Amino acid sequence: MKIFLIITTVLFYFSCRSQESDFNVGQKSITYIDESRNRPLVTEIWYPTKDSLDKNIATNTQRTPFVTINAIPDASIIDEKHPLLLVSHGTGGNRFSLTWFIEKMVKEGYIVVSLDHYGNSSFDKIPREFVKWWERAIDIKHVLTQVLNDDTVGSKIDISKIGGVGFSLGGYTNIALAGGYVNRNLTKTMDIELPPEFPKGEEIIDFYTDSLIIASYNKYKDQVKDERMKAFFIMAPAIGFGFQSEKQTKSITAPIFIIAGKGDTNTPISGNAENYHLLIETSELYLFGEHVNHYVFLNEATEFGKQILPDLTIDHPSIDRREIHQITTKLAINFFRKHL
């Protein structure tokens, strides 16, 4: 009986192993223009390839704050249908902020698309775009349409298996894409601090009276849901203060997996991850321990990064960022296998 159990366990292990060793990561860069909003959306498309990585090309990370991944520019894409994930970065982040997650999912057979949210990325900071949260969902919807129409990539996507991934403000973005309705007026009675990434400038913008912000909200607040996306995995979501009623989440029918750390000091779980879980009937919640803070979901840092960006790169001494990433990707793989 013990021998049978051992053999069964071994067979189960090999049957469940990912295809990671078979795939390399291909990468295609493109800028899509949402002409209706005069909004450039710089985009990376990451995908499984059998092409070989040039071993002679060494990645220099000495002057970069975060560890990078090895990808093959403009590689050939494996000729079969792949599930698709769209990634939304946190406020002031960029399309490379979650490459640790992207690399793992590509090696699992996914096509992954990440983009810079216009005006709200580390490469392009416009104060109003930091508070026009709802327009981020419109960014994702536009890029999704363009990718599906892409001659090279679109035909390789299984359109019945499209999911979303987001971190921090990108977590809210995915809740919006699932059908969540943010009420910007709820914050009038709250003492809400601007995120540390918010650009400093001379212009003073009143979130509640600024005509451009109001016009944007009125125009796009009802256009955020995307029925093409079937499941959502979100890390340390933000903007929980804009959700206080189940009416705001009643149109969410897709499964949502929420993951966060109990030690999050940027988006405390009581008002964000736990609040969303309470309001979203289709959600699951996974919480790391009390020493796991917000930025643990960013890429691993280089020594240079720890020197210049300590708040974003240095975790509690008891926390291994790589281990948090490994657990997170395992949960994401299981979640998307079940729901896509």
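This is a predicted model: local features need pLDDT of at least 70, side-chain atom pairs count only at pLDDT 80 or more; totals for chains, interfaces and linings use all residues.

Colleague: Which residues of α5 are the buried ones?
Modeller: They are L169, G170, G171, Y172, T173, N174, I175, A176, L177 and A178. After α5 comes G179, with a positive phi near 125°.

Colleague: What makes Y172 stand out in the largest nonpolar core?
Modeller: That core has 54 residues, and Y172 and W134 touch the most other members. Setting aside neighbours within four places in sequence, Y172 is in contact with W133, W134, V182, P237, A238, I239, F243 and Y276. There is also a second, separate core of 36 residues, including I102, Y295, V296 and F297. In soluble globular proteins, nonpolar side chains tend to be buried together.

Colleague: Why is T302 called buried?
Modeller: The cut-off for buried is under 20%. T302 has a relative accessible area of 8%, so the label applies. T302 sits in the loop between β11 (283-288) and α8 (303-308).

Colleague: How do you know that the side chain of T302 makes polar contacts with T64 and G305?
Modeller: A polar atom of the T302 side chain lies 2.4 Å from the backbone oxygen of T64. The backbone nitrogen of G305 is 3.0 Å from a polar atom of that side chain. Both distances therefore meet the limit.

Colleague: And why does K338 count as exposed?
Modeller: Exposed means over 50% relative accessible area. K338 has 64%, so it is classed as exposed. K338 belongs to helix α10, residues 321-339. Its C-alpha atom is 10.0 Å from that of P255, a residue 83 places away along the chain.

Colleague: What are the figures for the protein chain as a whole?
Modeller: The chain has 10 helices and 11 strands. Of its 340 residues, 52% are buried. The accessible surface is about 16700 Å², and carbon and sulfur atoms account for 52% of that area. Among contacts between residues at least 6 apart in sequence, 80% join residues at least 24 apart.

Terms used. Residues are numbered from 1 along each chain as its sequence is written. Side-chain values use heavy atoms; hydrogens and water are left out. Helices (H or I, at least four residues) and strands (E, at least two) are DSSP runs, numbered from the N terminus. Buried means under 20% relative accessible area, exposed over 50%, partly exposed in between (1.4 Å probe, protein chains only). A polar contact is a pair of N or O atoms within 3.5 Å; within protein, one must be able to donate a hydrogen and the other to accept it, and residues adjacent in sequence count only if both atoms are side-chain atoms. A nonpolar core is a set of buried Ala, Val, Leu, Ile, Met, Phe, Trp, Tyr and Cys residues joined through side-chain atoms within 4.5 Å. Contact means heavy atoms within 4.5 Å. Accessible areas come from the Shrake-Rupley method with a 1.4 Å probe; for residues, only the protein chains shown count as cover.
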